[in-house]
Amino acid sequence: PDLFALEIRKPPGLFRRVVEVDERLGADGVVVSELQLEPLAAVARELLDAGIRVAAVSLLHSYRNGEHEARVATFLKAAGFEHVSVSSELAPLIRYLPRAETAVVDAYLTPVISGYVDRIRRSLGISGRETELMLMTSAGGLVGAERFRPKDSLLSGPAGGVVGAAGAGRRAGFERVIAFDMGGTSTDVSRVDGEFDYRFETRVGAARLMSPALAIETVAAGGGSICGFDGARLRVGPESAGADPGPACYGAGGPLSLTDVNLLLGRLVPGRFEIPIDPKAAERRLAEILERLRERGERELDRESLLAGFLRIANERMAEAVRRISVREGYDPGEYALVAFGGAGAQHGCALARLLGMRTVLVPRDSGLLSALGLGHAVVERFSERQVLAPLAEVRDSLAEWIEELGREARSAVASEGVPAADVGIRLRLAHLRLVGQDSTLAVDLADVAALEASFDRAYRAVYGYRPEGRPIEVESLRVVASSPPPDWQPALAAPAAEARPVGSRGRAWFGGEWLEVPHFERQSLSPGASVSGPCLILERHSATVVESDWRASVDATEALVLTREKDDA
């Protein structure tokens, strides 16, 4: 990935051994060379003797015909392997390397995830299947523990936040939202436009996974992100102070972090932390960085300019993550509301929205716990998929039949989780299209087969700015999503029109290039209909909301804070 590195260091693989098998399928799935299992017997014994108990099986063209992979898996299990991940079962799609990597990741994680789930069962006193344990997938849906695959777990935590943000937006009257989840070590952002935005191939670390996942962009910018000077430039992250030693203000010898920056700028109140806070420790770390800058002969910076610079760097990094899931996909973030949550999201919501041209920030009640709320409101869902790889003109008449078949398959899978069949609905029908000769695809809603070309043209122009003439369209694959009924998020009723201004404490904070005495409000004292103007801080147990200058915060009927810009930047 680093083309100009003088010393290339490849990450270690997740596997210990690679074993070839004697077989071959043609590109159409027809057997070219029969599978030879006899030579595997000695190799299997050798691997078992070496302590290897888990295997991943991935053979060429098995997405067309999975028979050989299934026979290898059966052979290995009979030989004594505890688990075998089969690529044609996990991702029956073209592209051998990502399919193989998906199987390897699934096999690698299975012992860990299985042990974790078993411990949850024991701690909850769950035995057998009479009480089903549900787990969240990277796609934001629930699946029974018996059918959960580790390959679907890697983004399940952030996915809960996206589900919660979408629900909070609907309750407040916003169908189009950008979820902004800022925690201690990282920030996760995702776009929701009535329906979730999905990716079907995701890179996690060094691995590519062919598995449905919400389109979540992650950057290493959180409250614990280390702020420093590397001898050439100021940096925020990607390293994090973590929980131990934590930010400098925790008093455990930690480095200057983004939490310290907000504290020293008066945007956090020391007395509101649930642990003792030492602002002087943060000041000492800041002084060390200022001294390093002077030693290097850098431009003289005062204390506030350096802190504000760190804040701007962090905000720009997070704004770039939002641009990757909006602007680069052909969407204007200014048409969305920013749902700020996580422990640190509300501190940066206004600044982030300003950088992105957004006019509304929504801070739900208990925003620090929104991911848990999303998990509790997630639906049971299943994806069914079919590889097509044919020109649209050739398969148009078959699309409706294929979609119906996929729909039946997805409905049946959801019903197998105990959801009444009558309650299972098809939530999404997608055709992944591209111009013949291209590699990347665009997902188009398949609600109207007759309008596929027009829908593809609009999507293509939104992303690329033009549409080449005379290029036929190819159907790469089809996907259908079935789910249990969506939760009722109970849309907000009209809030009282009367404006309330509860009296709070005051404190010094850095806004607009100067120190100001700004009011501090207790969020629990702000009733629906209350409205306050920035700059100010709104404090609650798990987070603090920074209301910037030229922004106004109002409380809606669901007790969510709705922050709006009072005027555009000059």
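**A guided look at loops, strands, helices and cavities**

Glutamine 438 sits in the loop that joins β20 (425-435) to β21 (442-445); helices (H or I, at least four residues) and strands (E, at least two) are DSSP runs, numbered from the N terminus. The structure is a predicted model, in which local features need pLDDT of at least 70 and side-chain atom pairs count only at pLDDT 80 or more, while totals for chains, interfaces and linings use all residues. Residues are numbered from 1 along each chain as its sequence is written, and side-chain values use heavy atoms, with hydrogens and water left out.

With a relative accessible area of 23%, glutamine 438 is partly exposed; here buried means under 20% relative accessible area, exposed means over 50%, and partly exposed lies in between (1.4 Å probe, protein chains only). Leaving aside residues up to four places away in sequence, glutamine 438 touches Tyr460 and Arg471, where contact means heavy atoms within 4.5 Å. Threonine 187 is 251 residues away from glutamine 438 in sequence, and the two are 32 Å apart in space, C-alpha to C-alpha.

Strand β8 (residues 187-193) is the place of aspartate 188. This aspartate 188 is buried, its relative accessible area being 13%. Its contacts, not counting residues up to four places away in sequence, are Pro158, Ala179, Phe180, Asp181, Ile216, Glu217 and Thr218. Between the C-alpha atoms of aspartate 188 and alanine 215 there are 10.0 Å, with 27 residues separating the two along the chain.

Attention can now turn to the cavities. A search of the whole structure finds 3 cavities of 30 Å³ or more. On a 1 Å grid over the protein atoms alone, a cavity is a set of points where a 1.4 Å probe fits but cannot get out, and lining residues have an atom within 4 Å of a point. Grid points are joined across faces, edges and corners, and a volume is the space filled by probe spheres set on the points. The largest cavity has a volume of about 50 Å³, and its lining consists of Ser138, Lys151, Leu154, Leu155, Thr202, Val204, Leu209, Ser211, Pro212 and Ala213. Sorted by class, this lining has 6 nonpolar, 3 polar and 1 charged residues; Ala, Val, Leu, Ile, Met, Phe, Trp, Tyr, Cys and Pro count as nonpolar, Asp, Glu, Lys and Arg as charged, and the others, Gly among them, as polar.

One of the lining residues, threonine 202, belongs to strand β11 (residues 202-204). Threonine 202 counts as buried because its relative accessibility is 10%. Not counting residues up to four places away in sequence, threonine 202 touches Leu155, Ala207, Arg208, Leu209, Ser211 and Ala213.

Next comes a pair of helices. Two packed helices are described by the angle between their axes and the distance between the axes. Helix α7 (residues 279-295) packs with helix α8 (residues 303-324) at an angle of about 100°, and their axes are 11 Å apart. That makes α7 roughly perpendicular to α8, a term for angles of 65 to 115 degrees, whereas those under 35 count as roughly parallel, those over 145 as roughly antiparallel and the rest as oblique. On the α7 side the contact is made by Glu283, Leu286, Ile289, Leu290 and Leu293, and on the α8 side by Arg303, Leu306, Leu307 and Phe310. The residues of this contact divide into 7 nonpolar, no polar and 2 charged. Axes are lines fitted to C-alpha atoms, for helices over the stretch in contact, and angles run from 0 to 180 degrees between N-to-C directions.

Some backbone details complete the tour. The peptide bond from glycine 237 to proline 238 is cis, with omega near 0°, and proline 238 is found in strand β16 (residues 234-240). Another cis peptide bond runs from glycine 534 to proline 535, with omega near 5°; proline 535 is in the loop between β25 (531-533) and β26 (536-539). Arginine 95, a residue other than glycine, has a positive phi near 95°. Its place is in the loop between α3 (87-90) and α4 (96-124), and it counts as partly exposed at 35% relative accessibility. Glutamate 559 has a positive phi of about 70° although it is not a glycine, and it is found in the loop between β28 (551-555) and β29 (561-565).

Technical notes. On a 1 Å grid over the protein atoms alone, a cavity is a set of points where a 1.4 Å probe fits but cannot get out, and a pocket is an open set with protein on both sides within 12 Å along at least five of seven lines; lining residues have an atom within 4 Å of a point.
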